[in-house]
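Trainee: I've got a new structure to look at. Walk me through it, please.

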Amino acid sequence: MKSSTLPNGIFYHGDCISVAAEHLADNSVDLIITDPPYGIHGDKLHLHYNRDETFVVEGYVEIPQEEYATFSTNWIREAERVLRPGGSIYIVSGYTNLIDILNALRQTSLTEVNHIIWKYNFGVFTRRKYVSSHYHILFYEKPGGRRTFNLESRFGLIEKSNEGRSCNNADREDLWIINRENKPGQVKNKNELPLRLLTKMIQYSSNEGDLVADFFLGGFSTARAAIGMNRRAVGFEISGRIYDTKIREMATITPGYLLPTLRTPAIKGTRNFGRPWTEADRIRLNRRFDALRAQSRSKKECIAALGEEFGRGRWGIEKALKK
Ligand SMILES: C[S@@+](CC[C@H](N)C(=O)[O-])C[C@H]1O[C@@H](n2cnc3c(N)ncnc32)[C@H](O)[C@@H]1O
């Protein structure tokens, strides 16, 4: 078993069940986002999909169908143990072995929050039946604590579309239409999750500094998004080939690099809402932040105080501080 410690992340090459048992403490993780092997010969998926696999990293480890139920029970029990009370877990699953994942979840204390359908842009080629083009995302929580759900992290409640619909409501419907990324010419894992899907789960279900775990790192897309959004990340990948390729890329990531790319939601009740920041505002904000921090106040307290002082929402303050 190898491990690598990077800024804001620790990653293990090994089996998620045994390595988590050894290295992850009970109740230590705020959010799990994970995409287990499918149990449908994911290592041979290229035979079904019509796409160029030239840049896909070899070494994907599949779980034999006959072991899938036991395997799911074992890793989901481990996920339950490490999740903090009130922590959230999102499991991405195809429909073929969904029943095993649902049965495994039922054997734990984890409770359903939403069953999300993720519709993506390409499907398995068929002639005599419909084309499968969705995944299931099982969003569960561990009871016993307050679950993070940042209601206005992406769209304020006051924001309306051109048709007059609530943007916040539309974003929180349980059908997510998000295309997979093509990434031509880039080295990738089979079926890497798109960044837009990951940022959505991370924004709603965690805060900066939280620990986000992925039991099946694959292309490390969850870890990359988490660190990019200033969360901490931990994860496991059993394939040495994939681990070695991806860990090199991870070492080049700057924590927080994705934050400036996220939209600032419009939130009601902030007197300067919508007013552009001037350079002078930003300088004053940063000086005030340093002064408050010098009084040993936590980052969260400082941001709340600055929100009042500057008449801005929390997201606006965080974004202006980053710049
Ligand atoms: C569906 S892929 C994950 C894809 C990933 N979410 C991404 O966006 O790139 C599943 C990964 O789990 C790995 N894997 C299989 N069994 C494992 C185990 N017992 N422990 C850790 N990783 C495992 C596979 O090698 C594969 O890379």
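Predicted model: local features only at pLDDT ≥ 70, side-chain atom pairs only at ≥ 80, totals over all residues.

## Starting from one residue

Mentor: Start with Asn-27, which counts as partly exposed because 15 C-beta neighbours lie inside 10 Å. The cut-offs: a residue is buried if 20 or more other C-beta atoms lie within 10 Å of its own, exposed if 12 or fewer, and partly exposed in between, with C-beta atoms placed from the backbone.

Trainee: What's the phi of Asn-27?

Mentor: Positive, about 55 degrees, although Asn-27 is not a glycine. Ser-296 is another non-glycine with a positive phi, near 65 degrees. Ser-296 is in the loop between helix H8 (279–294) and H9.

Trainee: Is Ser-296 buried or exposed?

Mentor: Exposed, because it has 7 C-beta neighbours inside 10 Å.

Trainee: Let's zoom out. How many helices and strands are in the chain?

Mentor: Ten helices and nine strands. The radius of gyration is 21 Å, close to the 20 Å that the globule rule gives for 323 residues, so the chain is as compact as a globular protein of that length. That radius is taken over C-alpha atoms, and the globule rule is 2.2 Å times the number of residues to the power 0.38. The C-alpha trace spans about 60 × 50 × 40 Å along its principal axes.

Trainee: What share of the residues is buried?

Mentor: Of the 323 residues, 34% count as buried. Take the contacts in the chain with a separation of 6 or more: 73% of them come from residues 24 or more positions apart. Two residues are in contact if their C-beta atoms, placed from the backbone, lie within 7 Å.

Trainee: Now the sheet. What's the strand order?

Mentor: E1-E2-E9-E8-E3-E4-E6-E5-E7, nine strands in an open sheet with mixed pairing. Strand E1 (2–6) and strand E7 (175–177) are at the edges with a single partner strand each, so one side of each has no neighbour in the sheet. Neighbouring strands are turned by 15 degrees against each other on average, direction ignored. Two strands pair if DSSP finds at least two bridges between them.

Trainee: How does E1 run against E2?

Mentor: Antiparallel, with five bridges joining E1 to strand E2 (residues 9–13). In E2, His-13 is the bridge partner of Lys-2.

Trainee: And E3. Why is it called largely enclosed?

Mentor: Because six of the six residues of E3 are buried, the rest of the structure largely encloses it. E3 pairs with E4 in the parallel sense over five bridges. Ile-33 has Tyr-90 in E4 as its bridge partner. On E8, two bridges join it to E3, and the two run parallel. There, Leu-31 stands opposite Val-212.

Trainee: Which helix lies across E3?

Mentor: Helix H2 (residues 68–82) lies across strand E3 (29–34), strand E4 (83–93) and strand E8 (211–214). H2 runs at about 145 degrees to E4. Axes are lines fitted to C-alpha atoms, for helices over the stretch in contact, and angles run from 0 to 180 degrees between N-to-C directions.

Trainee: New topic. How do H9 and H10 pack?

Mentor: Helix H9 (residues 299–310) and helix H10 (residues 314–322) pack at about 100 degrees, axes 9 Å apart. That makes H9 roughly perpendicular to H10. Angles under 35 degrees count as roughly parallel, over 145 as roughly antiparallel, 65 to 115 as roughly perpendicular and the rest as oblique.

Trainee: Which residues make that contact?

Mentor: Ile-303, Leu-306, Gly-307 and Phe-310 from H9, with Arg-314, Ile-317 and Glu-318 from H10.

Trainee: What about buried residues in H10?

Mentor: Trp-315, Gly-316 and Ile-317. H9 is included in what covers them.

Trainee: Last one. What does Ala-225 touch?

Mentor: Ala-225 is in helix H6 (residues 221–228). Leaving aside neighbours within four places in sequence, it contacts Leu-195, Leu-198, Thr-199, Ile-202 and Leu-258. Ala-225 is buried, with 26 other C-beta atoms within 10 Å.

Key:
Residues numbered from 1 in each chain as written. Helix = DSSP H or I, 4+ residues; strand = E, 2+ residues; numbered from the N terminus.
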